[in-house]
Amino acid sequence: MTPHSPGTDQIDTLLGIGFVAAAIVVVAINLALIVAVRRNRAKRGGVPSTSSGSRRVQFRVGAVLTVFAAAIFVASVVVTGKARETPASGSSGLAAAKSEPLTIKATGQQWLWRYDYPNGAFSYYKVVVPVDTAVKLELLSTDVVHTWDVPDLSGKRDAVPGKVNEVVFRADEEGTYQGQSATLSGQAYAAMRTEVEVVSPAEYQAFLKRQKADIQTAQDRVVGLIENGEVP
Amino acid sequence: MSDGPRPELVIDGFPGKRRPRWVELATSADHKDLGRILLAGSLGFLFIALVELLLMRLQLAIPENTFLSPVAFNRMLSLYGTSAIFLFALPLALGLFYYAAPLQIGARGTALPRLGQIGVALWIAGATVLYAGFLFTPSEAGINPLAPLTELAFLSNNGVDAWATATGLATLGFVFIAIDLLTTLRNMRAPGMAWRRVPVFSWAATVSCWLLLVIGPVLLAALTMLMIDRNYDGVFFADGSGGAPLLWQHLSWIFFSGAYMLILIFAFAAIAEIVATFSGRPLANRGAVMGSLVAIAVLGTLAWMQNMLTAPIGIGWMYFAMLMSLALIVPFGLIVFNLIATMLGGALRMRAPLLFALGAISSISIGLAAEIDHSMVAAAWQLKNTTDSTAATHFALVGGAVFGGFAALHYWFPKMTGRTMGESLARISFWTMGAGVLLAFIPLFLAGGEQGEVIDAYKFFASNDVSAYNLIASIGSLVLAAGIAMTLVNAISSRVNGPEAGHDPWGGESLEWFALSPPEPHNFDVLPDVRSAHPMSDIRDAIAHRTRRVDAPPRESQPVA
């Protein structure tokens with residue numbers, strides 16, 4: 001993951017903290033095991049102690065562990081709080097989304113994502129969003145549970161039928177970001193991918209207009225075919 | 001082994017002909033026979049689960065492989081998960097509890113043997129139903145099949161029905177066994193064995209059985225709802241008609257989180273017995289370890305929403321799940337600390353049980369350390385449902401059920417068969433497994449954590465930059481499977497060919513070593529009064545005292561019986 005949104009910056013920070021915590025645990029335990037085995041083999045001739053431990057040490061160790069757990073908890077709450085904040089759109093972002101994030105509906109269905117834009121246009125598989133703009137994706141599902149996951153832009157979230165979930169991000173760079181659905185949803189699950197194309201606000205507006213016109217043309221053609229009786 | 005009839009058991013010439021051994025075993029309600037059936041069956045299903053894992057890893061060895069079709073892959077995935085949890089790890093833990101705990105507390109059998117027998121029969125029925133799915137179509141819905149994928153509208157063949165029936169039967173069987181074992185542990189302890197003197201492993205059996213009584217019915221309720229949904233137009237988990245897909249996630253994760261904890265409780269208790277025995281000293285701070293086992297059961301089950309951090313639930317619930325998960329650091333940490341403290345004051349005999357126990361601690365430490373990251377809410381948004389979670393779960397559960405289970409197997413094998421398992425093959429197997437588990441799952445940490453490779457997928461793409469990781473993981477799985485297979489072979493061949501062990505090969509502290517190897521059907525001819533947490537030391541001391549020459553040191557006696 002290369003973070004390209006304020007939220008993923010925070011996630012990256014927390015992953016770093018988590019990695020350090022996990023590394024401390026793994027190294028401490030395994031080092032202690034190695035030391036214990038090397039020092040206390042029976043063939044070195046030591047006599048086993050008959051002590052059954054000390055209660056005071058238990059409280060000290062318990063206190064250290066509690067502080068360790070509490071520190072991770074506090075750090076997680078703080079960073080998670082920051083990661084959840086809705087970022088403000090930047091100066092080079094879409095003017096219309098200055099105060100409110102641009103809301104796009106993302107609907108998961110077996111095995112494709114559909115994106116509905118505010119002007120009524122829609123697209124499948126690929127969503128086009130303006131750069132430096134706060135974008136809110138409302139995640140819905142028409143069938144089974146899907147998970148929207150574009151690691152560079154946002155943490156993953158489930159689209160559960162009957163519920164609305166959301167992800168918010170602000171892409172800091174134009175380009176294409178790959179994503180993949182992350183909950184087993186049936187046969188073609190592994191092929192259920194998606195793509196976020198980040199473009200300049202002007203290009204975004206042009207895309208919306210073009211997409212809407214294309215959809216209209218296609219609909220008109222289908223309606224025309226039906227009226228001509230070419231499609232039963 | 002007793003040669004010929006013992007004076008107090010004159011049963012030779014008892015009227016009627018003896019039935020064949022397998023009939024005796026199949027109709028037995030003796031906890032030792034049932035425990036052996038569970039143990040042998042679970043090891044058999046471990047082998048089957050490994051084959052399924054290898055088939056999946058073969059599919060995932062190279063990008064966009066077409067070795068398995070998507071449907072075949074999903075079936076292997078479902079069978080693998082169900083076999084690993086319901087047919088291997090849980091019955092292994094329960095089988096060893098059921099075998100060893102009544103012996104450890106000095107009981108002459110279990111309190112409700114018929115209930116235990118029905119429990120084992122139900123488990124066998126469950127296993128049969130799951131694999132009978134091959135006659136039509138096994139489930140394609142995954143390890144914990146999330147509703148509404150399991151609804152009739154999305155999977156209309158009978159695979160999910162077979163899965164639900166199978167897991168339901170097995171779970172009901174576990175609950176029956178838990179009731180029997182719990183009653184036994186409550187009522188049939190040897191005179192003087194207060195709870196504070198109960199061996200750690202028997203205490204863990206008590207905790208695990210209570211845990212099963214709580215989580216088992218939750219899963220049974222969920223499975224019943226699923227069956228009503230699928231077969232009788234129910235809408236429990238169907239959206240749009242008043243049902244809620246999330247309800248399934250809550251109910252099933254309560255069970256799976258509890259089961260995860262049960263496996264670790266089993267493993268740590270077995271490890272504690274083994275570490276103490278092979279250090280030649282009492283376990284440091286028994287009380288703290290026993291309390292920690294209870295805390296793990298409670299906190300671990302309450303942390304079920306740790307699995308749902310990406311689902312549409314309130315942020316408060318997510319913090320609650322994180323709090324419960326991170327709180328587990330304290331009891332797990334205390335247990336590991338006391339295990340190491342025990343070793344630091346001991347004189348270690350590096351035999352196979354201890355070797356596997358140390359491997360288990362090491363592997364579990366990696367898995368649980370990774371689970372810390374999976375509990376930190378925002379980090380979980382990145383890590384959940386990637387192969388990073390596959391790796392974390394496998395390090396913890398392979399560590400607990402396979403390494404920990406094998407440690408327990410090597411430890412109690414002499415009690416069950418009268419013979420020890422081959423030591424050199426055990427060592428080769430251990431190091432192979434150690435290399436295998438690292439090779440198989442460290443690359444998955446990297447693929448999931450760095451590249452976000454998603455879980456459960458039947459293929460990945462070359463453009464995901466995870467090809468090398470997956471190839472190494474596939475090779476590692478093969479190495480791991482080879483190591484595991486060696487121990488299975490070792491167990492089979494040692495039953496007949498292993499060196500004779502005697503009744504107390506390790507110098508253990510608890511009463512199972514007071515019985516014969518293998519124990520008589522009634523376990524004990526005489527029961528000692530228990531006066532401490534280490535009755536076998538007391539017995540050895542007493543014998544030494546009686547037979548002591550004036551110049552001999554007090555504890556140089558041979559083990560009794």
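**View 1. Strands β1 and β2 of chain A pair in the antiparallel sense.** The pairing of β1(A) with β2(A), residues 112–116, runs over five bridges. This is a predicted model. Two residues lie between β1(A) and β2(A), and the strands form a hairpin. Look for A:Q109, which stands opposite A:L112 in β2(A).

**View 2. Strands β1 and β5 of chain A pair in the parallel sense.** β1(A) covers residues 102–109, and β5(A) covers residues 134–141. Seven bridges join these two strands. Pick out A:K105: its bridge partner in β5(A) is A:E138. In a regular strand the side chains alternate between the two faces of the sheet.

**View 3. Chain A is assigned two domains.** Domain 1 takes in residues 6–41 and 53–84. Domain 2 spans residues 95–227. Over C-alpha atoms, the centres of domain 1 and domain 2 of chain A are 38 Å apart. Contact between them involves four residues of domain 1 and seven residues of domain 2 in chain A. On the domain 1 side, two of the touching residues are nonpolar, two are polar and none is charged.

**View 4. Chain A and chain B meet in a contact between 68 residues of chain A and 70 residues of chain B.** Several helices of chain B give two or more residues to this side, among them α3 (70–104), α7 (245–279) and α11 (352–375). Which element supplies the largest share of the chain B side? That is α10(B), with 11 residues. The chain B side divides into 46 nonpolar, 15 polar and nine charged residues.

Notes
Residues are numbered from 1 along each chain as its sequence is written. Chains are lettered from A and ligands numbered from 1 in the order in which they are written. This is a predicted model: local features need pLDDT of at least 70, side-chain atom pairs count only at pLDDT 80 or more; totals for chains, interfaces and linings use all residues. Domain bounds come from an automatic or database domain assignment. Two residues are in contact if their C-beta atoms, placed from the backbone, lie within 7 Å. Ala, Val, Leu, Ile, Met, Phe, Trp, Tyr, Cys and Pro count as nonpolar, Asp, Glu, Lys and Arg as charged, and the others, Gly among them, as polar. Helices (H or I, at least four residues) and strands (E, at least two) are DSSP runs, numbered from the N terminus. Two strands pair if DSSP finds at least two bridges between them.
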